[in-house]
Amino acid sequence: MLRAGDMLYLPRGGWHAVAATEGRSLHLTCGLKPTTGADLLSWLSDRLRISDTVRANLPNFAPPDERTAYLEALRKEFIEALHEGVIEEFINARGSGPRPPDAVIAVRGRYPRDESLFPRLTAAGAWYAVDDDGHVVLSAGGQEWTFTAPVLDVIRPLIEGSTASLGEPAAGSGLPVGHVAALVSELGAAGVVAVSRRR
């Protein structure tokens with residue numbers, strides 16, 4: 001029986017049902033979802049979507065030897081992806097869901113070419129990868145973009161949660177500030193990036 005001010009902790013996996021004994025009851029339930037191996041494998045499978053092996057059709061009607069060869073190639077991809085530092089990469093990429101900053105009003109749908117603006121990722125679970133052709137693949141908010149190699153200097157700080165201004169990645173990548181602002185504006189329009197005037 002809980003009374004005003006009481007708190008009840010239910011261990012993970014514990015079944016429960018709540019009922020009021022006298023009229024109506026107002027209570028607050030807070031659930032904590034721990035990160036599991038299933039979360040890691042799900043994130044990893046998303047990262048591996050740029051692999052030709054992973055993206056290939058399953059050999060449904062192939063003979064047994066071709067199926068075995070496919071599974072071996074798939075196993076090799078995952079074993080290589082499960083390197084010693086993959087947990088740290090996953091934690092850094094997933095974060096805890098960045099807080100959307102105070103957004104700047106966009107000018108005609110685009111952020112101004114202002115080197116002092118600070119873009120921040122607002123979508124949790126975002127990741128990036130570089131494919132065999134050197135293209136940068138960004139996945140965030142259930143959407144995916146493919147950029148040319150210089151954009152890596154813009155994407156990496158966003159994923160890592162650093163507080164780089166528009167001018168900093170522009171200087172590192174060699175891209176004009178206007179191009180960086182346009183890229184950030186596209187991500188902002190998709191709801192995965194917001195911009196503020198402070199770090």
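Author: A helix here is a DSSP run of H or I with at least four residues, and a strand is a run of E with at least two. The model is predicted.

Reader: How many helices and strands does the protein chain have?

Author: The protein chain has seven helices and five strands. Along the sequence they follow the pattern α-α-α-α-β-β-β-β-α-α-α-β.

Reader: What share of the 199 residues in the protein chain is buried?

Author: Buried residues make up 31% of the 199. The chain exposes about 13,800 Å², and carbon and sulfur atoms supply 54% of that area.

Reader: Why is Gly178 called buried?

Author: Buried means under 20% relative accessible area. Gly178 has 17%, so it counts as buried. Gly178 sits in helix H7.

Reader: What makes Thr21 exposed?

Author: The cut-off for exposed is over 50%. Thr21 has a relative accessible area of 59%, so it is exposed. Thr21 lies in the segment before H1. Thr21 and Met1 are 20 residues apart in sequence and 9.1 Å apart in space, C-alpha to C-alpha.

Reader: Which residues make the nonpolar surface patch of about 290 Å²?

Author: Leu2, Leu8 and Leu10 make it. Take Leu2, which is found in the segment before H1. A patch residue needs over 30% relative accessible area. Leu2 has 53%, so it passes that cut-off. With over 50% needed for exposed, Leu2 is exposed as well.

Reader: Which residues of helix H1 are buried?

Author: In H1, residues 37-47, they are Asp39, Leu40, Trp43 and Leu44.

Reader: How do you know that the buried residues of H1 line one face of the helix?

Author: Look down the axis of H1. The buried residues fall within an arc of 130 degrees, so they line one face. An α-helix has 3.6 residues a turn, so residues three or four places apart point the same way.

Reader: How many salt bridges are there?

Author: The count comes to three. Side chains of opposite charge can pair when their charged atoms come close.

Reader: Why is the pair of Arg47 and Glu89 called a salt bridge?

Author: The rule asks for a side-chain nitrogen of Lys or Arg within 4 Å of a carboxyl oxygen of Asp or Glu. The closest N and O atoms of Arg47 and Glu89 are 2.9 Å apart, so the pair qualifies. The pair links distant parts of the chain. Arg47 is in helix H1, Glu89 is in helix H4 (residues 86-94), and they are 42 residues apart.

Reader: What separates Arg75 and Glu72 in helix H3?

Author: About one helical turn, because they are three residues apart in H3 (residues 64-81). Arg75 is partly exposed at 45%, and Glu72 is partly exposed at 44%.

Reader: Why is the pair of Arg156 and Asp153 a salt bridge?

Author: The closest N and O atoms are 3.7 Å apart, so the pair is within the 4 Å cut-off. Arg156 and Asp153 are three residues apart in helix H5 (residues 152-160), so about one helical turn separates them. Arg156 is partly exposed at 28%. Asp153 is partly exposed at 29%.

Reader: Which residues have the most contacts inside the largest nonpolar core?

Author: Leu138, Phe147, Ile155 and Leu187, in a core of 26 residues. Strand E3 (136-140), strand E4 (143-147), H5, helix H7 (177-189) and strand E5 (193-196) each give two or more residues to this core. A second, separate core of nine residues includes Leu44, Leu48, Trp127 and Ala129. In soluble globular proteins, nonpolar side chains tend to be buried together.

Reader: Which residues is Leu138 in contact with, leaving aside its neighbours within four places in sequence?

Author: Among them are Trp127, Tyr128, Trp145, Phe147, Ile155, Ile159 and Leu187.

Reader: What share of contacts with a separation of 6 or more comes from residues 24 or more positions apart?

Author: Such residues account for 65% of those contacts in the protein chain.

Notes: Residues are numbered from 1 along each chain as its sequence is written. This is a predicted model: local features need pLDDT of at least 70, side-chain atom pairs count only at pLDDT 80 or more; totals for chains, interfaces and linings use all residues. Side-chain values use heavy atoms; hydrogens and water are left out. Buried means under 20% relative accessible area, exposed over 50%, partly exposed in between (1.4 Å probe, protein chains only). The arc is that of the directions from the helix axis to the C-beta atoms. Patches are made of residues with over 30% relative accessible area and no salt bridge: like charges are joined within 9 Å, nonpolar side chains (Val, Leu, Ile, Met, Phe, Trp, Tyr) within 5 Å. Accessible areas come from the Shrake-Rupley method with a 1.4 Å probe; for residues, only the protein chains shown count as cover. A nonpolar core is a set of buried Ala, Val, Leu, Ile, Met, Phe, Trp, Tyr and Cys residues joined through side-chain atoms within 4.5 Å. Contact means heavy atoms within 4.5 Å.
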